[in-house]
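Have the structure open as you read.

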Amino acid sequence: MFSSLQNHYQDKVRAILKFDEAFSKRLYAGSDMFLMPSKFEPCGLSQMIAMRYGTLPIVRETGGLKDTVDWSKGFSFLTYNAHDMLFTIQKAVDTFINDKETWNKKVNNAKGADFSWSKAAKEYLEIYENLSRQ
């Protein structure tokens, strides 16, 4: 389907149907927003990679997407439907165009997000220590 779209709209559509790490890094770095409207997403790395590059994710609130993208680092919608997704995209575009202060804060928060194992391990340790005190 994507190849067909590329053939039909050669000046507007490009389909790259292979893994190309160098290109993906350029794509993340050159984008302002990253749309990831997953129906199910147990973890998700793409939104975290996007944030590292300062590209704000637009995600559906599910699984790891809900855990990693809050209002301070991107945009999200709850219901899996086109209307809510479009509304959230419009909100992101409006913020990008009309509220640079909020946009820049979100970008800085996204770039500074810590998804490291050392942070997660410390949080797990705190949970276990609190449970052992009860």
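## The largest pocket

Start with the largest pocket: 15 residues line it, and Thr68, Phe115, Ser116, Trp117 and Ala120 are the ones that lie nearest its centre. Keep in mind that this is a predicted model. The space inside the largest pocket comes to about 430 Å³.

Which helix gives the largest share of that lining? That would be α7, with six residues. Two helices, α4 (63-68) and α7 (117-133), each put at least two residues into the lining.

## The fold

Stepping back, what does the chain look like in terms of helices and strands? There are seven helices and three strands. Going along the sequence, they come in the order α-α-β-α-β-α-β-α-α-α.

As for contacts between residues at least 6 apart in sequence, 39% of them link residues at least 24 apart.

## Burial, surface and charge

The chain has 134 residues, and 27% of these count as buried. Its accessible surface is about 9,700 Å², with 56% of that belonging to carbon and sulfur atoms.

Then there are the charges: the chain carries 18 positive and 16 negative ones.

Note on methods:
Residues numbered from 1 in each chain as written. Predicted model: local features only at pLDDT ≥ 70, side-chain atom pairs only at ≥ 80, totals over all residues. Heavy atoms only, no water. Helix = DSSP H or I, 4+ residues; strand = E, 2+ residues; numbered from the N terminus. Buried < 20%, exposed > 50% of the residue type's maximum accessible area, 1.4 Å probe, protein only. Contact = heavy atoms within 4.5 Å. Areas by Shrake-Rupley, 256 points an atom, 1.4 Å probe, with all protein chains shown as cover. Lys, Arg positive; Asp, Glu negative; His and termini not counted. Charge placed at Lys NZ, Arg CZ, Asp CG, Glu CD. 1 Å grid on protein atoms, 1.4 Å probe; cavity = no way out; pocket = protein on both sides within 12 Å on 5 of 7 lines; lining within 4 Å. Points joined across faces, edges and corners; volume = space filled by probe spheres on them.
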